[in-house]
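This report describes a single structure, moving from the chain as a whole to selected details. Please consult the sequence and the coordinates alongside the text.

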Amino acid sequence: MTRGGAGYVPADDPRRRGHRMTTAEIPADDYPSRWAALTVLLLANFMNLIDVTIVNVALPSIQQDTGATATQLEWVAAAYVLAFAVGLLPFGRFGDIFGRRRLFLWGLSGFTLGSALCGIAPDIGTLIAARALQGIAGAMMVPQVLAILHVIFRADEKARVFGMVGTITSLGAVAGPVLGGAIIAVDFWGLDWRPIFLINLPLGGIALVAALRLLPVLPRQEDATPDWLGMALFGVAITLIVLPLIEGRTFDWPWWTFAAMIAAIPVGALFLWWEHLRSRSGASALMPASLLSNGAYLSNVALVTLFFSGVPGMFLMLAIFFQSGFGLTPLESGLATVPFPVGVMIASTVMGRLLGHWHDRRIFIGAATLTVGMTLMHLTVLATGDTLGAIRFALPLFVCGLGMGTAIPALFETTLSTVAGTDAGAGSGAMQAFQQAGAVLGIAIVSQLFFPTLGPNETAVATASRETFVEAAALGFWWPILAFAGLALFTGLRFSLRRMRG
């Protein structure tokens, strides 16, 4: 380990004699600057979260400025999330191999550059490509955040730390829509929506300077080699599922869309076989055998995937419903969604204190609350007439936020608690990869319900009546209702069985 980081261990330290140290062997007290490092990591995470949420409120403005079709609007959101999902697992593992601090710095630099390219994009195609670049850089950066936090903090500190992660998540969700709406309303230098991306430049610069000074240099698996084939198979499997879901409607569901989704099954099986083969031969695997054989970890990853399929599509739909359907400004649209992240903040703080170690119970309560909230959203949409009355959405959004804030910290902490420190990067990367895969899946499914109901052509967003927007949004809410109801049922049964077993 090199000098200069908070994780430095002297060469004559007895822990270095006789064997190579692993991350799991280093006490958290070796990192006296860990709370300052937490601030830097949360700032970077905040940037990523703002970038996801700020885009939704800007989609109608982007469409008006660029003439984007409904599918292209979908890709502005999905290109980032898809690239992010494909990159999270390999870059999480690369952090274990090449160094988490190094990967974090590279990702932060690339994310800031990608934001600049989004801000100066001359057309919708360039914007989508720049969003994909942002997603790749974000995938390089974000897995290192949870992996570093998982390693540098003591077990008795992690509940507090993950609670702070949940709070920052909600703050990013608050700041994104409101800040995006305010920026578009001010129209800095006549740039319309473009400054929503350019705002990342000063934030990225501050985070990069602070990271260089404060982040520890952590041990890495120096004898491991990258699993390039595993990386390719993982990316192909996700793309074979997501690409047909997004493009199928545009091409009226030709045979190749169904063939691609079916092909994802053998590609996924080949990925699993290859990872087991790598592990048995002693080579470094993209997803180590310790994770593939960890039933508790895999079941929680599946819950993460389904959980995060229920929200991103909703916010994409709501932004278009509020602005294109009922004429709200971007700022008004952003303010209308504020009750959701307020609920997240309150729940993540209060429930962490009341049920800090009762993770199964928190996940069940969160999923059940989200089911109620999404049902209220569906009914509120159906009750909308010629005028919107955005205040009527406050209670349903607040209830949804309470559910989200109750479940997320417990779900993350439960999932990562089953992962050894040496595989923290792979475990964090895999969890967040499937989290983003769930987000892409949710965007695709909700879009399939929402956009075709507006009309048969790609310009229907600009021409549909308010009654049609109500019908489309009401239909779009069925997916999150069913997803969270299924989660509540599963987690409730799992909790009951564990109590019966003692």
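## Basis of the model

The model is predicted: local features need pLDDT of at least 70, side-chain atom pairs count only at pLDDT 80 or more, and totals for chains, interfaces and linings use all residues. Residues are numbered from 1 along each chain as its sequence is written, and side-chain values use heavy atoms, with hydrogens and water left out.

## Overall fold

The chain contains 20 helices and zero strands, where helices (H or I, at least four residues) and strands (E, at least two) are DSSP runs numbered from the N terminus. Of its 502 residues, 59% are buried, that is, under 20% relative accessible area, with exposed meaning over 50% and partly exposed in between (1.4 Å probe, protein chains only).

Among contacts with a separation of 6 or more, 82% join residues 24 or more positions apart; contact means heavy atoms within 4.5 Å. The chain exposes about 19,200 Å², and carbon and sulfur atoms supply 68% of this area (Shrake-Rupley method, 1.4 Å probe; for residues, only the protein chains shown count as cover).

## Helix H4

Helix H4 covers residues 124-152, and its 29 residues should span 42 Å at 1.5 Å a residue, which agrees with the 42 Å between its end C-alpha atoms. The expected span is 1.5 Å times one less than the number of residues.

Because 23 of its 29 residues are buried, H4 is largely enclosed by the rest of the structure.

## Aromatic pairs

Rings of Phe, Tyr and Trp (its six-membered ring) pair if their centres lie within 6.5 Å; planes under 30 degrees apart count as stacked, over 60 as edge-to-face and the rest as tilted. This rule gives 18 aromatic pairs. The ring centres of Phe322 and Phe393 are 5.3 Å apart with planes at 85 degrees, so this pair is edge-to-face. It links distant parts of the chain, 71 residues apart: Phe322 belongs to helix H12 (residues 312-326), and Phe393 to the loop between helix H15 (359-382) and helix H16 (394-416). Both Phe322 and Phe393 are buried.

One aromatic cluster is formed by Phe91, Phe94, Phe98 and Trp228.

## Thr305

Thr305 is located in helix H11 (residues 295-307) and counts as buried because its relative accessibility is 18%. Apart from neighbours within four places in sequence, Thr305 is in contact with Phe434 and Gly438.
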